[in-house]
Amino acid sequence: MTRFSWFNVTSLTLGFAFLYLPMVILVIYSFNASQLVTVWAGFSTRWYGELFRNEEFLDAAWVTVQVAFYSSTIATVLGTMAAHVMVRGGRFRGRTLFSGMIYAPLVMPEVITGLSLLLLFIGIGMDRGVVTVVLAHTTFSMCYVSVVVSSRLVAFDRSLEEAALDLGASPFDAFRLVTLPIIAPAVISGWLLAFTLSLDDLVIASFTTGPGATTLPIKIFSAVRLGVSPEINALSTLLIGIVTVGVVTTSLVTKRAAVQRAREEQAAQRAT
Amino acid sequence: MVNEKSFAPWDDPDARPLIRFERVTKRFGDFTAIDDLTLDIYEREFFALLGPSGCGKTTMMRMLAGFEEPSEGQILLSGRDIAHVPPNKRAVNMMFQSYALFPHLSVWDNIAFGLRREGKPKEQIEARVQEMLRLTRLEKFARRKPHQISGGQRQRVALARSLAKAPKLLLLDEPLGALDRKLREETQFELMDIQEKTGTTFVIVTHDQEEAMTVASRVAVMDEGRIVQVATPDVIYEAPTSVYVADFIGDVNLIRGTARARDAGPAPEPDAAAPEAVDPVPGAAAPLPQPEGRRPQPNAMGKWLHDRVLYRILGRRPDEPRQLPPPEPARAPAQPAPAPAATPEIPPGGIEIRWSEDTPPLIAANGDPALDGKPVVLALRPEKLGIARERPAAANLLQGKVIDIGYLGNISTYHVELPDGTMVKAQITNTRRVSRRDITWEDEVWLSFSPTAGVVLEE
Amino acid sequence: MRRAVLIVIPYLWLLALFLIPFVIVLKISLSDVALARPPYMPQLDLSEGWAGIRDFFAALDFENFVFLTTDDLYFKAYLSSLRIAVTATLITLVVGYPIAYGMARAAPEWRPTLLMLVILPFWTSFLIRVYSWMGILSNEGVLNQFLIGLGVIGEPLQILNTNTAVYIGIVYTYLPFMILPIYAALEKMDESLLEAAEDLGASRLSAFWLVTVPLSRSGIVAGCFLVLIPSIGEFVIPSLLGGSDTLMIGKVLWEEFFSNRDWPVASAVAVILLLILIIPIVLFQRSEDKAREAGK
């Protein structure tokens with residue numbers, strides 16, 4: 001057993017070092033005073049200052065957040081509907097096509113999705129800008145939302161909905177008062193996933209964007225194509241920081257709630 | 001047996017049922033879950049649908065609740081066809097097997113859920129919820145969430161919630177399945193109590209025959225989408241109409257054989273043909289074949305009463321052995337009796353069942369002579385069999401060897417193997433302590449039962 | 001009624017923004033380049049009625065696909081995409097399996113944390129994760145400085161802008177996709193099976209090969225497909241980490257479209273890319289279905 005534990009510890013250490021070292025290095029170099037990204041010249045927050053003075057980056061960030069907010073919100077509504085149809089819809093005409101269209105975007109190369117949407121927007125003469133990016137992002141992220149929500153719906157005890165109907169609730173009330181509050185965690189993670197996917201997307205946004213709708217990934221990509229830049233290091237550090245704080249907080253809160261719940265359940269069992 | 005006081009609307013031709021299934025069929029694709037079923041359930045009944053899983057009992061319940069629509073036929077509630085009324089528009093409520101308590105709502109809000117959907121004024125809702133909490137003894141837990149209370153309390157919340165709207169009909173889907181045995185027994189009586197207090201009609205679905213027998217006013221035994229027998233629990237137990245019911249309800253020994261009508265003439269001992277006595281008097285067996293054949297056999301107390309008191313009034317008990325019956329080759333014991341055996345007097349009529357080459361036929365005085373020549377099954381409850389080491393005097397005797405003894409505390413079950421390999425169970429109340437029992441493994445024993453102990457069923 | 005609305009809205013959305021665009025790609029791949037806006041021929045002209053539709057279909061041909069076969073750039077790009085994706089997938093498996101194994105054998109109270117550490121990069125920008133390697137792998141980058149400092153090498157290694165960098169990029173970014181399904185399969189495994197194997201005389205290593213690996217097969221298969229499928233059409237990694245000679249089809253499509261403005265050829269490249277992807281997708285679907293059947 002000891003030999004295997006040793007092996008396990010080594011593989012975990014190396015594995016997580018591989019996963020995290022590049023990001024750690026990136027964070028360290030974002031505090032480098034030097035313009036030359038490869039030479040360490042002391043600690044400085046200079047690049048963060050530069051970043052916040054760079055109007056272009058700020059504009060792009062604002063566009064990105066807007067796009068991500070709208071697209072993830074619409075995608076959550078549509079994705080939840082789609083999940084409901086997939087799990088509870090029973091049989092209907094074109095069900096196979098529907099489920100195909102839900103799953104296909106998950107495996108479709110982004111270049112194809114982007115190209116095909118661009119050709120559509122051109123074909124119908126739609127001006128490209130924030131709206132087209134939102135439409136594009138909504139389309140592929142609703143599929144992710146629908147996968148997340150359907151996995152929760154599959155595990156959902158259907159008799160809860162039936163109980164609501166049995167007690168006189170209309171189908172819509174049953175969904176609003178019972179189903180939705182219970183699947184809310186899945187819907188929220190679906191929204192977060194859609195939001196992150198949209199924040200992150202370069203390829204589809206590049207195809208479907210237009211004048212005045214440059215998103216942050218497009219901006220970053222065009223900046224780093226030419227090489228490493230200290231400002232981008234600073235920007236990356238900020239984004240990594242936000243995500244880390246978000247994910248760690250969420251998991252701590254979830255864990256505490258689970259522990260609390262387990263304790264209450266035990267107490268309830270002991271009471272009898 | 002029907003008297004004015006007892007609750008038996010099903011015997012009253014004028015009674016109008018609360019629920020009527022009229023030739024209902026339900027198919028799921030190619031599978032027929034309910035097959036042309038007709039059934040009446042009356043107001044204030046505690047009706048049990050009993051059967052193994054997949055027999056269609058849950059489908060029946062879901063059709064009553066409105067979650068399934070019948071493929072054919074009508075379901076009438078108070079005379080109105082409700083087959084196509086959606087579940088949220090029916091005066092029928094259901095208690096789910098999983099309880100289906102809304103996990104995000106408190107006990108109070110769970111109970112108030114249905115009342116709020118009716119849009120009742122706030123004070124009325126509060127009063128009603130309080131009443132329900134009191135009825136189910138949950139006042140202390142009103143603010144808790146379902147995961148903060150125990151399984152038994154959850155069960156009561158589910159009951160309170162489904163009763164809050166005062167439905168005409170309450171459906172209970174395996175309501176006690178999730179509780180442990182002791183709690184289940186307590187809760188059964190609580191359910192009966194609440195049913196009586198509220199006067200609601202209950203329909204319970206269960207696969208647990210003990211539960212059905214305990215709580216229900218009538219039991220419907222189901223198999224493969226059909227109702228096999230509907231009757232009160234005692235009739236179901238004592239007079240099953242089919243092998244299926246006999247086998248499904250309780251423990252039973254099934255002995256297969258061929259029926260032969262017995263002589264219905266006067267008994268060999270004419271003086272024994274005492275005038276027909278009232279049923280409950282022990283020892284007063286009627287000489288004539290009885291259609292029901294459920295005469296009580298004398299127990300120890302009855303025998304004592306008879307010997308000390310009653311024989312002076314009623315005369316000697318006819319089944320008391322007084323002399324050997326006329327020798328009959330077919331009835332001669334296959335093995336030499338270890339003790340001078342006296343065969344008790346046997347009421348004439350009924351049938352005898354030939355079931356084995358080397359043993360005398362079994363006598364079922366309550367069998368229908370019309371079964372003559374047909375293959376039949378004699379269903380014998382283990383507790384109706386006597387077991388002894390000495391050959392007792394009885395109409396029907398089986399000899400065998402004790403293979404196993406199941407000790408259950410209050411009773412013991414003896415598994416006896418007959419010479420041909422058939423296993424027969426006999427159940428004896430443990431009035432003595434175990435150490436003083438005289439029968440043990442490998443003992444040669446005699447099993448005895450009266451000519452009316454079993455029920456003759458057609459295969 | 002309400003149910004119909006529920007079905008129709010997402011259905012129409014997907015039809016309009018997923019299926020129809022795809023049909024348009026297919027159609028343009030059969031058109032010709034033209035110096036026009038939009039830069040292809042023919043245009044469907046419904047105002048001419050039936051004749052317009054007939055002319056439209058008459059003008060469609062497979063010329064672009066023929067063109068793809070005549071210029072071996074495309075053939076090479078497809079081949080090299082497949083080769084890079086397959087190689088990178090195998091490397092990811094070799095790197096990911098021990099990590100997943102270590103996680104599944106870690107103390108139960110540690111597992112949620114380890115799992116979170118694997119999932120965390122998912123939420124971090126893909127672009128940034130690829131970019132982080134640029135600073136490490138460049139000639140003056142951290143890795144070369146480190147190796148020169150140690151005296152292992154005298155000259156900086158040229159890693160950035162080579163296929164090696166592309167492999168590293170794919171392995172790095174898709175590693176969680178490999179770890180998670182394998183971990184899920186290994187975690188379900190009953191450890192007493194290994195003890196039983198050893199009790200029956202198998203060595204540790206043969207118990208691993210004969211019990212652990214076959215039982216985690218479903219995870220391995222799922223992980224490999226989850227890495228392989230997206231990396232075939234990958235664009236960001238080859239364009240940031242790869243060199244000018246790194247041929248990957250996603251990059252070719254991008255350049256065909258944005259640099260050469262040859263929409264019909266770009267569409268034809270897309271159609272063929274999709275045809276190539278259909279094989280692993282269908283295989284993946286099958287193996288998932290089989291795993292689900294077996295799970296029942």
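**Helix α8(A)**

I began with α8(A), a helix of 30 residues whose end C-alpha atoms sit only 37 Å apart. A straight helix at 1.5 Å a residue would reach 44 Å; the expected span is 1.5 Å times one less than the number of residues. Helices here are DSSP runs of H or I, at least four residues, strands are runs of E, at least two, and both are numbered from the N terminus.

Where does α8(A) bend? I found a bend of about 60° at A:A184, with a proline, A:P185, following within four residues. The bend is the angle between axes fitted to the seven residues ending at a residue and the seven starting there.

**Ground rules**

I kept in mind that this is a predicted model, where local features need pLDDT of at least 70, side-chain atom pairs count only at pLDDT 80 or more, and totals for chains, interfaces and linings use all residues. Residues are numbered from 1 along each chain as its sequence is written, while chains are lettered from A and ligands numbered from 1 in the order in which they are written.

**Chain A overall**

I counted 11 helices and 0 strands in chain A. Its radius of gyration is 23 Å, well over the 19 Å that the globule rule gives for 272 residues, so chain A is more spread out than a compact globule. That radius is taken over C-alpha atoms, and the rule is 2.2 Å times the number of residues to the power 0.38. Along the principal axes, the C-alpha atoms of chain A fill a box of roughly 70 × 65 × 35 Å.

**Where A touches B**

I looked at the interface next: 22 residues of chain A contact 22 residues of chain B, with contact meaning C-beta atoms, placed from the backbone, within 7 Å. On the chain A side, the elements giving two or more residues are α7 (158-166), α8 (171-200) and α11 (230-270). The largest share, 6 residues, comes from α7(A).

**Chain B**

I checked UniProt, whose unreviewed entry puts "domain: ABC transporter" at residues 19-249 of chain B; its positions use the numbering here, feature names are shortened, and annotations may be inferred rather than shown by experiment. That stretch is 36% helix and 26% strand.

I then traced an open sheet of 4 strands, antiparallel, in the order β2-β1-β4-β5 (chain B); strands pair if DSSP finds at least two bridges between them. β2 (31-41) and β5 (80-81) of chain B are at the edges with a single partner strand each, so one side of each lacks a neighbour in the sheet. Strand β1 (residues 19-28) of chain B is joined to β2(B) by 7 bridges. B:R20 has B:D40 in β2(B) as its bridge partner.

Key: Contact = placed C-beta atoms within 7 Å.
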